[in-house]
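Keep the sequence and the model in view as you go.

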Amino acid sequence: TPARKPLMAGNWKMNLNHLEAIAHVQKLAFALTEADFERVEVVVLPPFTDLRGVQTLVDADKLRIGYGAQDLSVHDSGAYTGEISGAMLAKLGCKYVLAGHSERRQYHGEDDETVNGKVKAALRHSITPIVCVGEGLPVRREGRHIAFTLDQVDGALKGLSADEAKKIVIAYEPVWAIGTGEVATPKDAQEVCGAIRERLAELYDDEVARTVRILYGGSVKANNIAGIIAQPDVDGGLVGGASLDPVEFVKICRLGE
Ligand code: PEP
């Protein structure tokens with residue numbers, strides 16, 4: 001059984017300019033130890049305009065902090081004004097990219113087909129897509145959260161081979177828990193993350209299901225990460241608001257200890 005190293009990814013959203021980004025990553029680098037990096041993989045997901053600066057710092061100081069982007073185009077180049085391609089992100093050393101974050105789905109009309117295109121675009125450039133899925137409050141209230149989320153998983157992975165599927169990360173982010181302070185219980189997180197892993201076994205095989213890391217996201221804080229990460233099918237966290245505070249994010253990377 002390949003061990004799934006816990007992944008803590010900080011989604012900065014539209015916060016921190018390129019100068020603030022450098023100061024922030026320096027603080028993380030100062031606080032995190034080699035022992036921390038042995039236990040968890042630490043990744044930051046800054047705005048596009050910060051990536052070059054973060055790359056320069058990470059390379060210069062040989063930091064073990066990984067970085068990636070919050071979005072990418074389904075296309076590799078061309079007449080797509082304002083878009084950023086996977087090729088460009090790969091050239092900047094991005095290891096990860098979010099695909100289908102709920103804020104992209106909500107405010108930018110990204111549907112499952114678009115998300116699927118973004119997942120494939122990331123994989124074409126050897127970038128690990130962190131595929132975000134999760135239900136809103138009305139769906140949760142109707143008790144349809146598992147079926148809804150698994151539909152999004154099916155949509156995002158459409159046409160991927162088992163070898164490709166093994167390379168992705170999935171983040172279960174119930175929309176009602178994002179930026180609301182309303183965290184899912186560890187049991188809620190496990191219920192859906194476990195169902196996602198079962199779906200991977202159905203769509204592919206046990207090896208894919210065992211390999212793919214499944215994160216929980218939604219108001220993760222230092223004081224709630226321990227219970228969440230203790231769940232058997234939760235392999236890390238996608239952290240929004242709390243990742244903007246370096247002291248808090250380091251505590252989260254230490255799994256709340
Ligand atoms: C997110 O942006 O993916 C997220 C989970 O945000 P927050 O931690 O602020 O709820």
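E173 sits in the loop between β6 and α10; helices (H or I, at least four residues) and strands (E, at least two) are DSSP runs, numbered from the N terminus. This is a predicted model, in which local features need pLDDT of at least 70, side-chain atom pairs count only at pLDDT 80 or more, and totals for chains, interfaces and linings use all residues. Residues are numbered from 1 along each chain as its sequence is written.

**Exercise 1.** Find out whether E173 is buried or exposed, and which residues E173 touches.

*Solution.* Step 1: start with the rule. A residue is buried if 20 or more other C-beta atoms lie within 10 Å of its own, exposed if 12 or fewer, and partly exposed in between, with C-beta atoms placed from the backbone.

Step 1: apply the rule. E173 has 29 other C-beta atoms within 10 Å, so E173 is buried.

Step 2: list the partners. Two residues are in contact if their C-beta atoms, placed from the backbone, lie within 7 Å. Not counting residues up to four places away in sequence, E173 touches S102, C132, G134, I178, G217, G218 and L238.

**Exercise 2.** Which residues does UniProt list for "active site", and why can we say that they gather at one spot?

*Solution.* Step 1: look at the record. The unreviewed UniProt entry lists H101 and E173 under "active site". UniProt positions are given in the numbering used here, feature names are shortened, and annotations may be inferred rather than shown by experiment.

Step 1: compare sequence with space. The two listed residues span 73 residues in sequence, yet no two of their C-alpha atoms are more than 8.5 Å apart, so they gather at one spot.

Step 2: describe H101. H101 is placed in the loop between β4 (96-99) and α5 (102-107). H101 counts as buried because 27 C-beta neighbours lie inside 10 Å. Leaving aside neighbours within four places in sequence, H101 is in contact with Q70 and C132.

**Exercise 3.** Take the UniProt annotation "binding site" and describe N11 and G179, two of the residues it covers.

*Solution.* In the unreviewed entry, the annotation covers N11, W12, K13, G179, S219, G240 and G241. These residues span 231 residues in sequence, yet no two of their C-alpha atoms are more than 13.7 Å apart, so they gather at one spot.

Step 1: look at N11. N11 belongs to strand β1 (residues 7-11), and N11 is buried, with 26 other C-beta atoms within 10 Å. Leaving aside neighbours within four places in sequence, the contacts of N11 are L45, Q70, L98, L238, V239, G240 and S243.

Step 2: look at G179. G179 lies in the loop between β6 (169-172) and α10, and G179 is partly exposed, with 13 other C-beta atoms within 10 Å. Leaving aside neighbours within four places in sequence, G179 is in contact with G240 and G241.

**Exercise 4.** Describe how α8 and α10 pack.

*Solution.* Two packed helices are described by the angle between their axes and the distance between the axes. Axes are lines fitted to C-alpha atoms, for helices over the stretch in contact, and angles run from 0 to 180 degrees between N-to-C directions.

Step 1: read the values. Helix α8 (residues 145-157) and helix α10 (residues 186-203) pack at an angle of about 45 degrees, and their axes are 10 Å apart.

Step 2: name the arrangement. Angles under 35 degrees count as roughly parallel, over 145 as roughly antiparallel, 65 to 115 as roughly perpendicular and the rest as oblique. The helices α8 and α10 are therefore oblique to each other.

Step 3: find the residues that meet. From α8 come H145, I146, T149, L150, V153 and L157, which meet V192, A195, I196, R199 and L203 of α10. By class, this contact has eight nonpolar, two polar and one charged residues. Here Ala, Val, Leu, Ile, Met, Phe, Trp, Tyr, Cys and Pro count as nonpolar, Asp, Glu, Lys and Arg as charged, and the others, Gly among them, as polar.
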